[in-house]
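Here is a short report for a reader new to this structure. Look over the sequence and the model first, then read on.

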Amino acid sequence: MDRNTSIGLAAVLLVLVFLFLEKTDETSAKTDSQSAEKQQFSSNYGSPLIDGKSEDPDWQGAEWLPLDQTWIGLPPNPADFAGRYKILWDENNLYVLAEITDDTLVDTHPEGLLKYWDDDCLEIFVDEDASGGNHQYSYNAFAYHIALDAKVVDIRPDSTFAYFNEHCTMRRSTTGKTTTWEVAVKIYDGNKYEYGGENIPKSLKSGKKMGFSLAYCDNDHSPERENFMGSVRVDGEDKNRSWIDAGIFGLLTLQ
Ligand SMILES: [Ca+2]
Ligand SMILES: [Ca+2]
Ligand SMILES: [Ca+2]
Ligand SMILES: [Ca+2]
């Protein structure tokens with residue numbers, strides 16, 4: 001190889017390195033701007049007893065967060081719907097305590113897999129690796145619809161509705177028009193999840209980040225749900241997108 005060929009090869013190599021670095025920069029900048037847009041939440045460590053009651057000392061130390069974003073319908077008056085929630089975590093579960101004021105509790109479709117979103121239900125969105133992206137027919141993220149009878153439903157990759165009862169344990173108690181929903185959520189690696197397979201929930205650690213949102217479907221005897229209220233702001237005309245797009249979930253940090 002003569003001197004000119006060597007210089008030529010070195011120049012080509014240098015250009016390739018530059019192109020690679022530029023590409024890497026673009027990719028990381030894109031990831032940064034996406035995560036910067038996510039609404040940030042944090043959760044304390046604690047292990048409440050799942051009994052539908054909020055008296056646990058660990059809940060007392062957690063702050064209330066608003067469940068006040070209208071995703072479907074007009075903003076409801078406080079007698080029709082008002083909601084707030086708390087989050088805790090320990091090694092085994094994420095815990096959600098939701099205090100929901102709802103004038104009428106309805107379960108119009110007692111068959112759990114039939115139009116479950118048109119009955120009153122709590123909905124917990126979890127994206128274990130905070131990847132964002134489409135999760136409509138995949139386990140990239142889960143959208144757990146928890147019915148009044150504690151059955152848990154989401155959509156499988158073959159687009160059928162299915163029970164995920166072992167993922168969420170829920171107990172609730174109702175006083176007057178206010179219902180306390182207390183839920184333990186097991187966190188699964190959606191990239192490896194197999195329906196009916198031997199799936200081992202993840203062990204959680206301080207500092208972990210997950211995509212997380214909460215919502216409530218409120219129906220009071222209408223053919224379809226009247227309101228869908230969520231925990232995060234959703235930009236744009238169509239705000240009912242969390243069941244498809246994990247990119248609009250909040251970003252939760254376990255403290
Ligand atoms: Ca409790
Ligand atoms: Ca209502
Ligand atoms: Ca994911
Ligand atoms: Ca209702």
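Cys168 touches Ile124, Tyr144, Ile146, Val152, Val183, Ala184 and Val185, leaving aside residues up to four places away in sequence. Touching, or contact, means C-beta atoms, placed from the backbone, within 7 Å. Cys168 is also among the residues that touch the most other members of the largest nonpolar core, which has 54 residues. Such a core is a set of buried Ala, Val, Leu, Ile, Met, Phe, Trp, Tyr and Cys residues joined through C-beta atoms within 7 Å. A residue is buried with 20 or more other C-beta atoms within 10 Å of its own, exposed with 12 or fewer, and partly exposed in between.

This is a predicted model: local features need pLDDT of at least 70, side-chain atom pairs count only at pLDDT 80 or more, and totals for chains, interfaces and linings use all residues. Residues are numbered from 1 along each chain as its sequence is written, while chains are lettered from A and ligands numbered from 1 in the order in which they are written.

The chain has two helices and 14 strands. These are DSSP runs numbered from the N terminus: helices are H or I, at least four residues, and strands are E, at least two.

| Strand | Residues |
|---|---|
| β10 | 168-175 |
| β11 | 178-185 |

β10 and β11 run antiparallel, joined by eight bridges; pairing takes at least two DSSP bridges. Arg171 stands opposite Glu182 in β11. The two strands form a hairpin with two residues between them. Gly176, in the turn, has a positive phi of about 60 degrees.

Technical notes. Contact = placed C-beta atoms within 7 Å.
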